[in-house]
Amino acid sequence: MKTICLYFEIHQIIHLRRYRFFDIGTDHYYYDDYENERGISEIAERSYMPALETLHEMIKEHGKFFKVAFSLSGVGIESLEQYAPQVLEKLQEMTETGCVEFLAEPYSHGLSALGNEESFKLEVERQSKKMQEYFNQKPKVLRNSSLIYSDEIGLLASQMGFKAMLTEGAKHVLGWKSPHFLYHCALAPKLKLLLRDVTFSDDISLRFNNSEWEGYPLFADTYIDRIAALPDDQQIVGIFMNLSALGMEQPLSSNILEFIKALPGCAKRKNIGFSTPTEICMKMKSISALDVPETLSWMDEERDVSTWLGNPMQREAFNKLYSIADRVRIVNDPRINQDWDYLQASNNFRAMSTKPTLVGINRGIYSSPFDAFTNYMNILGDFINRVKSLYPEEVDNEELNGLLTTIRNQGEELEMKEKEMNRLQSKVERLEQEATELREQLSKQKK
């Protein structure tokens, strides 16, 4: 029986403000609060809430037949907490149906998998804790930012305990193979790989409202008929996209939600089901290893990382940022950590891209890739100065790590002694109370 794996990404860009060279050292706040509030409020109203309401109605109508998966970046969750908590509340409500799975991903929606292994692991752990906190689910499946994957990243994911990863069913990787099977990591056979079907996904997320597209208008029954027509042994169809595709990239006026809502009924008539990533990985076996020596993603025609690291400006910014990754992680300062999350976000590097692309780049306040690079490097310069001012550059990472470990150990020891003092103090107070009560009893007996 064929099954559809429907997955949506939820992430929100943190907009940086115009930051001049002369601001370095004098102003340490980097964000455009107005644009951040406006952006998340708009996307929640026009996309997230109507899309989630529709998906919830589909679960209510079709019961356990319809399943859907989500992942939320930690940065995205922070934006929703501040400006659109109703989105998180709706997701929590949907979780109670038992038909929703939440996946792990890097907290910042950044490129740490390419820049610093330890930072990547900590980011995924932090985001996974958020999933447990909000949705009472410990993710078993990892989805890296923009489906970034390679054999090395798969090995790391396996070592972290994940059962599977999502990635792109890119033609240059698959060759003659089909994306409609379950594969496994070439370096870690226990890690299963669930692939995105590029055509079926992009027909919805990119082309649905394009009147010049040869498949326009796209109807649910026609779409499902195409899936049903796949060879019988090709049983998995991974349809992965940003949730914002429903309402933003494809406006509500295009009837995109009516199309989505009709899919389960059409699928049921063709004996096609819906499954979460974990269900697929538990029920189905891998047919072979997938060799991915070079990093791939779901971005642009090349399906690689050139959208973020394709020119010298992007690589310079990336290298400078991750040159202090170990130091940021070791010092673990709350203000520094938050800025680190926001500065890592992949959209900062995409705004510097000089590549021609069929998918528009939201450069926000920037007039050009060089403008984006200049603004980002000004902010990064100030950020690095703050890290150095907190922890002098003369102290190398190993020495700094030792000093901070000593400080933390001393803090833990003091905390333990304080707890012991409080325990003894409580015991003294209890004994004094018992003594007072005993004296009162003796006094009454004498009378």
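Biologist: What span should the 22 residues of helix α17 have, and how far apart are its end C-alpha atoms?
Modeller: At 1.5 Å a residue, α17 (residues 369-390) should span 32 Å, and its end C-alpha atoms are 32 Å apart, so the two agree. The expected span is 1.5 Å times one less than the number of residues. Helices are DSSP runs of H or I, at least four residues, and strands are runs of E, at least two, numbered from the N terminus.
Modeller: Keep in mind that this is a predicted model: local features need pLDDT of at least 70, side-chain atom pairs count only at pLDDT 80 or more, and totals for chains, interfaces and linings use all residues. Residues are numbered from 1 along each chain as its sequence is written, and side-chain values use heavy atoms, with hydrogens and water left out.
Biologist: How many residues of α17 are buried?
Modeller: 16 of the 22, so α17 is largely enclosed by the rest of the structure. Buried means under 20% relative accessible area, with a 1.4 Å probe and protein chains only; exposed is over 50%, partly exposed in between.
Biologist: New topic. How many aromatic pairs are there in the whole structure?
Modeller: The search finds 21. Rings of Phe, Tyr and Trp (its six-membered ring) pair if their centres lie within 6.5 Å; planes under 30 degrees apart are stacked, over 60 edge-to-face, the rest tilted.
Biologist: How are the rings of Phe102 and Phe135 arranged?
Modeller: Their centres are 3.9 Å apart and their planes at 0 degrees, so that pair is stacked. Phe102 is in strand β3 and Phe135 in helix α5, so the pair ties together parts 33 residues apart in sequence.
Biologist: Is Phe102 buried or exposed?
Modeller: Buried, at 1% relative accessibility.
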